[in-house]
Amino acid sequence: MSLSLYVEVLIQGVLSGLVYGLMALGLSVIFGVVRVVNFAHGEFAVLAMYCAFVLFGLAGVDPIIASLPLAVAFFVLGYAMQRGMVQPFVTRPQHEQFILLVGVALVVTNGLLLVFGPESKHVDLPYSFDSYTLGGVLIDKVRVYGAAAALVATAALFAFFRLTPTGTAIRAAADNLTGAAVVGLDVKRLYAITFGLGLACVGAAGAIMMALTDMTPMLAPSLTLLAFTIVIVGGLGSMTGALAGGLLIGVAEAVASLVVSPAIKSMVSFALLVLVLALRPQGLFGKAES
Amino acid sequence: MKAALSFLTPRSTVALMACGVALLVAPFVVDRYTLSIILLSLLGAYLGQAWNILMGYCGLLSLGHALYLGIGAYASAVLFVNYGIGPWASVFVAAALGVAAAAVIGWLGFRFRIEGVYFSLLTIAFAEIARIGFDNWSFVGGAAGFFLPVNAALADQWWNLRGGPFFFYYLALAMAVAALAITAVLRASKLGYAFLAIREDPQAACALGVDINRTRFLALFISAAMTAVGGVYIAFWTNNLFPAQVLDTSKSIDMILAPIVGGLGTLMGPFIGAFLLVPLGSALTDGLRALGLNAPGIKALVYGLMLMAIIGATPNGLWPWLARKLGLEAREP
Amino acid sequence: MSALLEIVDVVKRFRGLTAIDSVSLSVEDGEIFAIIGPNGAGKTTLFNLIAGVFAPDEGEIKYAGARIDGREPEKICAAGIARTFQIVKPFPDLTVRDNVAIGAMLRAPDMAQARGEADEILRKLDLFDKRAQKAGALTLPDRKRLEVARALATKPRIILLDEVMAGLRPTETDRMVGVLRDINRHDRLTIVMIEHVMRAVMALADRVHVLHHGASIAEGAPQQVTKDPHVIESYLGMKAAH
């Protein structure tokens with residue numbers, strides 16, 4: 001196989017990886033702060049994909065553009081969900097949280113199945129088959145736009161956490177919950193905002209993914225697992241880790257797809273997950289437990 | 001044995017006997033369709049009890065238990081079809097392979113005594129690896145499936161698990177009763193109490209001399225072995241195996257609904273849960289079909305809502321409440 | 001004759017903070033040994049080191065002549081060192097009796113025997129009437145007694161008691177003191193106790209060891225140690241000592 005093919009695949013991997021990274025970032029933020037394990041993460045991504053699909057069907061809105069309003073909508077959804085349903089579970093045993101979210105996942109997946117049916121859906125954009133040429137290498141325009149949108153969203157999130165007072169407050173609450181409460185931070189509100197932000201990432205990522213791939217409701221569990229793999233490989237609770245993990249997985253899957261076969265590309269992610277858990281469970285950027 | 005049964009009060013003994021008799025005579029009393037519902041409920045109770053040992057008693061949340069089901073099913077099926085080895089022999093191989101897989105997962109998951117979420121994710125990952133692997137492995141038929149021969153000449157060979165509905169019904173009943181017995185014995189034993197201690201507070205258990213790792217591995221092995229044996233049943237009863245059905249996450253979730261709804265860490269929970277959810281699900285799908293509506297996923301949707309409702313309102317499941325209402329609570333030993 | 005428990009030049013650091021700074025002490029078989037010191041002095045860290053929760057960075061911990069530093073908590077308990085936790089850790093969903101039975105099952109052949117032994121200990125600690133209650137529903141003083149009962153059920157040679165008197169009323173403190181003195185005399189149980197309640201320390205301890213900022217600053221009989229100016233200074237500040 002020619003070098004340019006490898007380079008193409010590598011670039012594709014990086015571009016996909018940025019979108020995966022955005023999705024995983026949502027998970028990392030939620031777990032890092034609220035310490036809730038969102039087993040319904042992939043389900044919300046698929047929900048976002050369907051929303052983008054519907055928006056495209058009704059109003060011809062490009063899914064990548066739709067990522068912005070969907071991010072806002074999912075923020076509201078996340079905020080409401082945390083406030084209304086998840087908050088009581090923050091102090092309850094961890095397994096009860098998981099089970100709640102497994103229930104949510106079931107409801108979302110099967111709700112989508114009921115409404116849209118099991119057939120795979122995709123979106124045809126005017127530039128779906130166009131590509132840029134860079135030194136003999138072909139790069140799909142869709143992927144570039146998608147990755148760019150993901151980058152913008154990611155940068156916005158980082159900026160929020162570093163630069164705004166609320167973002168700093170959230171990081172404080174993540175670091176030291178009692179301390180945060182003692183200095184008067186409204187932890188419940190911060191948790192809700194964080195959950196909202198987490199789902200906003202998922203919403204944006206899902207919308208972008210609609211432009212890139214086909215989807216069915218059954219895709220959801222593998223997306224959840226993908227998000228978790230990225231977060232664990234990168235380091236639970238580390239935003240940089242989620243991004244790095246996304247890129248790593250994106251590239252690994254793309255290369256595996258080329259070198260072995262597309263069917264087993266998710267096995268590569270799992271293999272990485274198992275490897276990380278076996279050798280360095282805190283991931284690339286996570287802190288080791290003392 | 002006496003210790004295992006010490007939880008029974010006179011009232012609950014009568015209730016248990018009554019249920020037992022009802023289940024024994026059911027094939028002669030109810031129609032084929034109802035019998036199949038009861039059979040599925042018994043199977044659900046069996047698998048639920050196996051999972052309950054790991055989660056309800058030992059506190060380890062496995063969301064990829066279909067792995068053991070699939071391993072047991074495929075191992076026994078392949079050994080039968082390709083090598084002529086009967087299921088009563090291959091069941092041991094199935095259980096052993098299930099335990100081997102569990103050993104790997106346990107070794108990875110327990111090493112650093114890390115948070116429960118890592119263990120749960122490992123279980124999902126392994127089940128998915130198996131599913132994709134089997135999907136692409138021609139030796140076991142791949143995604144197209146693996147089939148056991150069914151023909152009149154082979155009928156009623158009980159040693160090859162070939163038989164009619166009565167045969168499979170009583171087999172399921174026997175398995176369910178065995179699961180109940182195993183759980184009852186475990187519960188009264190030192191190992192069972194070790195499970196509980198780890199579930200409640202691993203650090204405190206440690207400080208009392210409980211060997212955390214060994215105990216967790218045992219819980220995992222028992223649960224995996226039982227589930228793998230369930231897989232053997234599935235293989236010989238359905239006669240066709242597809243990775244997308246028997247190794248899928250949805251199957252893993254299916255297996256855990258009954259014990260959660262019925263009551264984690266209780267003896268009767270999985271039974272109550274299974275005998276509630278299976279008929280309910282069937283009634284739902286059949287009712288809709290009768291109305292001419294095709295609603296894919298409605299059953300799972302309802303299950304999901306029930307799961308949310310139960311874990312929100314009565315996280316200990318329905319059985320504790322039901323037992324109180326009916327005066328069937330366990331007696332303290 | 002070597003002591004039952006020996007801690008030799010033990011150091012423990014946590015990412016830059018030296019929690020235990022070259023502490024040495026030894027506990028004789030059958031004695032009641034108290035460890036006191038202001039909050040943050042490292043007392044519970046010392047217990048965690050003895051109990052095997054983590055290993056020291058330097059130094060040795062010896063029990064009955066053999067090194068135990070770095071061994072796992074369950075092995076250390078099986079060897080005969082039991083401990084309680086400063087923030088009590090009952091098994092909340094299990095009954096009081098089952099809580100203690102789990103302690104007893106370490107050495108009992110089966111659960112029936114374990115429950116029998118548990119009942120005996122519950123009687124000794126005045127918890128027998130509450131044996132069928134869920135541990136999570138107990139009041140704090142009862143939980144503290146449960147914590148002690150459970151540890152005692154493992155039939156240890158040494159028990160590490162971490163502030164078991166905290167939050168008890170004076171009458172309850174006296175009762176606990178009585179029970180501990182009893183067990184120490186009749187069952188020859190060696191007790192190492194971290195305590196702030198001086199009433200209990202004075203009543204029970206044969207010897208007292210004082211820690212401050214992770215280092216030993218005094219050791220001796222209770223009367224003598226409590227008058228030591230360095231000890232007073234560590235608790236109350238410079239002025240109070242002079």
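**Exercise 1.** Determine whether C:Arg15 is buried or exposed, and state where C:Arg15 lies.

*Solution.* 
- Step 1. The model is a predicted one, and the values below are computed from it.
- Step 2. The relative accessible area of C:Arg15 is 72%.
- Step 3. The cut-off for exposed is over 50%, so C:Arg15 is exposed.
- Step 4. The phi angle of C:Arg15 is positive, about 40 degrees, although C:Arg15 is not a glycine.

**Exercise 2.** Work out how A:Arg35 and B:Thr9 are classed by relative accessibility.

*Solution.* 
- Step 1. A:Arg35 is placed in the loop between helix H1 (3-34) and helix H2 (41-59) of chain A. Its phi is near 60 degrees, a positive value in a residue other than glycine.
- Step 2. A:Arg35 has 42% relative accessibility and therefore counts as partly exposed.
- Step 3. B:Thr9 is found in the loop between helix H1 (2-5) and helix H2 (10-29) of chain B.
- Step 4. The cut-off for buried is under 20%; B:Thr9 has 16% relative accessibility, so B:Thr9 counts as buried.
- Step 5. With neighbours within four places in sequence left aside, B:Thr9 is in contact with B:Glu329 and B:Arg331.

**Exercise 3.** Decide whether the radius of gyration of chain C agrees with that of a compact globule.

*Solution.* 
- Step 1. Chain C has 242 residues, and a compact globule with that number would have a radius of gyration near 18 Å.
- Step 2. The value for chain C is 18 Å, which agrees.
- Step 3. Along the principal axes, the C-alpha atoms of chain C fill a box of roughly 55 × 40 × 35 Å.
- Step 4. Of the residues of chain C, 54% count as buried.
- Step 5. Chain C holds ten helices and ten strands. Among its contacts between residues at least 6 apart in sequence, 64% join residues at least 24 apart.

**Exercise 4.** Describe the interface of chain B and chain A, and find which element gives the most residues to the side of chain B.

*Solution.* 
- Step 1. Contacts link 40 residues of chain B with 38 residues of chain A.
- Step 2. About 3400 Å² is buried between the two chains, and carbon and sulfur atoms give 82% of that area.
- Step 3. On the side of chain B, the elements giving two or more residues are helix H6 (116-135), helix H12 (249-262) and helix H14 (298-313).
- Step 4. H6(B) gives the most, with 13 residues.
- Step 5. By type, the residues on this side of chain B are 29 nonpolar, eight polar and three charged.

Note on methods: Residues are numbered from 1 along each chain as its sequence is written. Chains are lettered from A and ligands numbered from 1 in the order in which they are written. This is a predicted model: local features need pLDDT of at least 70, side-chain atom pairs count only at pLDDT 80 or more; totals for chains, interfaces and linings use all residues. Side-chain values use heavy atoms; hydrogens and water are left out. Contact means heavy atoms within 4.5 Å. Buried area is the accessible area (1.4 Å probe) that two parts lose on being put together, summed over both. Helices (H or I, at least four residues) and strands (E, at least two) are DSSP runs, numbered from the N terminus. Ala, Val, Leu, Ile, Met, Phe, Trp, Tyr, Cys and Pro count as nonpolar, Asp, Glu, Lys and Arg as charged, and the others, Gly among them, as polar. The radius of gyration is taken over C-alpha atoms; the globule rule is 2.2 Å times the number of residues to the power 0.38. Buried means under 20% relative accessible area, exposed over 50%, partly exposed in between (1.4 Å probe, protein chains only).
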